[in-house]
Amino acid sequence: MLLDFIRSRAVPVVRLAHIFRQAEKSRIVVNAHRINSGEMPLLASADDPAADFFFIEKNEPEDILATVKTLVRERIPRKFGFDPRTDIQVLTPMNKGLLGTMTLNAELQALLNPSGPSVQRGARTLRAGDKVMQIRNDYELDVFNGDIGQIADIDEATRTLTAVFEGRSVQYEEENLDELVLAYACSVHKAQGSEYPCVVLPLHTQHYVMLKRNLLYTAVTRGRRLVVIVGSRRALSTAVQNGQVDARFSGLAPRLANPPNA
């Protein structure tokens, strides 16, 4: 809808193209602009103490997965002081596959929160201490699609749990548990509108159908203080070069440009 307003020329439009002084030194900001313009991002050396944007080249999915796990548990917390559960968000283009949200969440849960009170829900295990996401709007519980919290307590006998969202405790009964999924990793699509201190993005050609410039731009701009891309240069280049945007068919722009007579 916003694009329709822009295309109609019926409303004033301002394009922000200049990087102001406070953001000139941030590689995240600079590279977001480069990606949006179809240019490859500038890649920092591993020993640059001021860098906030890194690319770690790995070509095999298994190597990408292993590197992501090491980054989240050890390297990033040790070097930058980020908490693996609350500060680091793994984003990925897809849900399925070795580098999809389902596998990544299972691997990261086993790595970061391997034991404790838990409840099984289908193929999913929810455990006290887990990072979770609400996937439906629930007006009774006052939690909404995309909200991220942490499980504070689980009653294994009653199969109920308490999750905390931004300091507010929410009680989940057994019938509500399908509304929660693990959120150590989430899709780039689900992350739209959110921001995280640190983003880790696995990127491989197995994500081929999703390797688009706007998706890469969205992922990079979710990180406030640090962005790390782990993957192949071919996948990164494909995403930067692919400016295709899914067509949306709407009659709003011509109606705004040529409004009917009152």
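Leaving aside its neighbours within four places in sequence, with which residues is R233 in contact?

## Basis of the model

This is a predicted model, in which local features need pLDDT of at least 70 and side-chain atom pairs count only at pLDDT 80 or more, while totals for chains, interfaces and linings use all residues. Residues are numbered from 1 along each chain as its sequence is written, and side-chain values use heavy atoms, with hydrogens and water left out.

## R233 and its surroundings

Once neighbours within four places in sequence are set aside, R233 is in contact with L43, F55 and E57, contact meaning heavy atoms within 4.5 Å. R233 belongs to helix α7, residues 233-241; helices (H or I, at least four residues) and strands (E, at least two) are DSSP runs numbered from the N terminus. With a relative accessibility of 41%, R233 counts as partly exposed, where buried means under 20% relative accessible area, exposed over 50%, and partly exposed in between (1.4 Å probe, protein chains only). From C-alpha to C-alpha, R233 and T205 are 9.6 Å apart in space and 28 residues apart in sequence.

## Salt bridges

A salt bridge is taken as a side-chain nitrogen of Lys or Arg within 4 Å of a carboxyl oxygen of Asp or Glu, and by this rule the count comes to 9. One of them joins the side chains of R73 and E74 at 3.1 Å, N to O; R73 is partly exposed at 43% relative accessible area, and E74 is also partly exposed, at 31%.

The side chains of E174 and R121 meet in a salt bridge at 3.8 Å, N to O, and this pair links distant parts of the chain, with E174 in the loop between β8 (168-172) and β9 (180-182) and R121 in strand β3 (residues 118-121), 53 residues apart. E174 is partly exposed at 31%, whereas R121 is buried at 18%. R124 forms a salt bridge with D178, with 3.5 Å between the closest N and O atoms; here too distant parts of the chain are linked, since R124 lies in strand β4 (residues 124-127) and D178 in the loop between β8 and β9, 54 residues apart. Both R124, at 23%, and D178, at 32%, are partly exposed. A network of salt bridges links R121, R124, R159, E174 and D178.

## A nonpolar surface patch

Y208, V209 and M210 form a nonpolar patch on the surface, with about 310 Å² of accessible area together. Patches are made of residues with over 30% relative accessible area and no salt bridge, like charges being joined within 9 Å and nonpolar side chains (Val, Leu, Ile, Met, Phe, Trp, Tyr) within 5 Å; accessible areas come from the Shrake-Rupley method with a 1.4 Å probe, and for residues only the protein chains shown count as cover. V209 lies in the loop between β11 (196-203) and α6 (213-220) and is exposed, with a relative accessible area of 57%.
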